[in-house]
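Subject: Structure handover

Hello,

Here is the structure I promised to pass on. Please open it first, then read my notes below.

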Amino acid sequence: MFFDEYYLILVAPTLLLSLWAQVKVKSTFTKYSKISCSRRITGVDAAALLLRANDIRDVKVEAVRGSLTDHYSPSEKRLRLSEPVYGSSSIAAVGVAAHEAGHAIQHAIRWGPLALRSTLVPVANIGSRFGPILAMIGLFITGSESYGVYSSLLFNIGILLFGGAVLFYVITLPVEFNASNRAIAILRANNVLNENELEGVKKVLTAAALTYVASALTAIMSLLRLILLSRRRR
C-alpha cells in the first residue's frame with residue numbers, strides 16, 4: 001500500500017469515518033447500557049421472544065465472550081449474545097439482541113439479500129485479502145512490454161476479486177437495516193419497550209449501522225482508487 005492523491009482524496013476520509021463510527025457505536029452502547037428498560041426484560045429474553053413471535057423453534061440462543069461480539073450464525077442456527085447483552089436488562093442489550101434475532105428471522109424466511117450475502121462470504125474473504133494485492137502488483141510491473149500482458153492479467157484478476165468483496169459490503173447494508181427494522185417493529189408490536197425506550201434502541205442500532213456504511217464506503221473508494229490508478233498509468 002502506498003499513498004497517492006487518490007488515497008488521500010478517496011480512501012482516507014472513509015477511514016476517518018470508520019474510526020468515528022467505531023467511537024460512536026461504543027459510546028452510544030455504553031450510554032444505553034446504563035439505562036434499564038421498564039419491563040426488566042433481558043437480552044436473551046428479548047431474543048427468545050422475537051424467535052417465538054415468528055414461530056422459530058430451531059435456533060439456540062447462547063452467550064459468547066467479549067463485548068459487541070453478538071452475531072447470528074446461519075449455518076449453525078446459533079444466536080450468540082455477548083456478555084454485556086445476554087443477561088442485561090438495559091435498553092442497549094434488548095436492542096442488540098433483537099437485532100440479531102432479526103437476522104435469524106431473515107434466515108428462517110429465506111430472505112433474498114441475506115442468502116446472497118451468505119454465498120458471498122468466501123468470495124469476500126478471498127477478495128478482500130488478495131484482490132488489492134494482486135491489483136497493486138499488476139500496477140507495479142509495467143516496466144516493459146514483456147510484462148504488459150501479465151500486469152494486465154494480474155490487475156484484472158485483483159479487481160474482480162476485490163469487486164466481489166465490495167459487493168459483499170454493499171449487500172450487507174440492506175441486510176443490517178432490515179434486521180433492525182424487524183427488531184423495532186416486533187418490540188413495538190409486543191409492547192416490550194415503550195416509545196422512549198424504542199428511541200434509545202434506534203440510536204444504538206443506527207450507530208451500529210454507521211460502521212457498516214463506513215466499511216462499504218471504504219471498500220468502494222478503495223476499488224475506485226485502484227481503477228483510477230490503472231487508467232493514469234495507461
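The largest nonpolar core has 37 residues. A nonpolar core here is a set of buried Ala, Val, Leu, Ile, Met, Phe, Trp, Tyr and Cys residues joined through side-chain atoms within 4.5 Å. Buried means under 20% relative accessible area, exposed means over 50%, and partly exposed is in between (1.4 Å probe, protein chains only). L50, L79, L81, L187 and L193 have the most contacts inside this core. Two or more residues each come from α1 (5-33), α2, β3, α4 (91-108), α6 (148-189) and α7 (195-233). Helices (H or I, at least four residues) and strands (E, at least two) are DSSP runs, numbered from the N terminus. Helix α4 gives the most, with ten residues. A second, separate core has twelve residues, including I159, A165, A219 and L223. In soluble globular proteins, nonpolar side chains tend to be buried together.

A word on the source. This is a predicted model, in which local features need pLDDT of at least 70 and side-chain atom pairs count only at pLDDT 80 or more, while totals for chains, interfaces and linings use all residues. Residues are numbered from 1 along each chain as its sequence is written, and side-chain values use heavy atoms, with hydrogens and water left out.

Now the residues of the cores. L193 touches C37, V94, L187, L198 and V201, leaving out residues up to four places away in sequence. Contact means heavy atoms within 4.5 Å. L223 sits in helix α7. L223 is buried, because its relative accessible area is 17%. Beyond residues up to four places away in sequence, L223 touches I159, F162, G163 and V166. How far apart are the C-alpha atoms of L223 and A179? They are separated by 27 Å, and the two residues are 44 residues apart along the chain.

Next, the sheet. Three strands form an open sheet with mixed pairing, in the order β1-β3-β2. Two strands pair if DSSP finds at least two bridges between them. The edge strands, β1 (60-64) and β2 (71-73), each pair on one side only. On average, neighbouring strands of this sheet are turned by 25° against each other, direction ignored. Axes are lines fitted to C-alpha atoms, for helices over the stretch in contact, and angles run from 0 to 180 degrees between N-to-C directions. Strands β2 and β3 (residues 78-82) run antiparallel and are joined by three bridges. Y72 has L79 in β3 as its bridge partner. Helix α2 (residues 43-53) packs on the sheet and touches β1 and β3. The direction of α2 makes about 155° with that of β3. Which residues of α2 are buried? They are G43, V44, A46, A47, L49, L50 and L51.

Look at E62 next, in strand β1. The side chains of E62 and R80 are joined by a polar contact of 2.7 Å. A polar contact is a pair of N or O atoms within 3.5 Å; within protein, one must be able to donate a hydrogen and the other to accept it, and residues adjacent in sequence count only if both atoms are side-chain atoms. Setting aside neighbours within four places in sequence, E62 is in contact with R78, L79, R80, L81 and Y86.

H103 is in helix α4. H103 is buried, since its relative accessible area is 5%. H103 touches Y72, L114, R117, V175, E176 and A179, not counting residues up to four places away in sequence.

How many aromatic pairs are there? The count is one. The ring centres of F168 and Y169 are 6.0 Å apart and the planes are at 75°, so the pair is edge-to-face. Rings of Phe, Tyr and Trp (its six-membered ring) pair if their centres lie within 6.5 Å; planes under 30 degrees apart count as stacked, over 60 as edge-to-face and the rest as tilted. F168 is buried at 18% relative accessibility, and Y169 is partly exposed at 29%.

Last, the loops. K77 is in the loop between β2 and β3. K77 has a positive phi of about 55° although it is not a glycine. N191, in the loop between α6 and α7, also has a positive phi of about 55° without being a glycine. K77 is partly exposed at 31% relative accessibility, and N191 is exposed at 56%.

Best wishes
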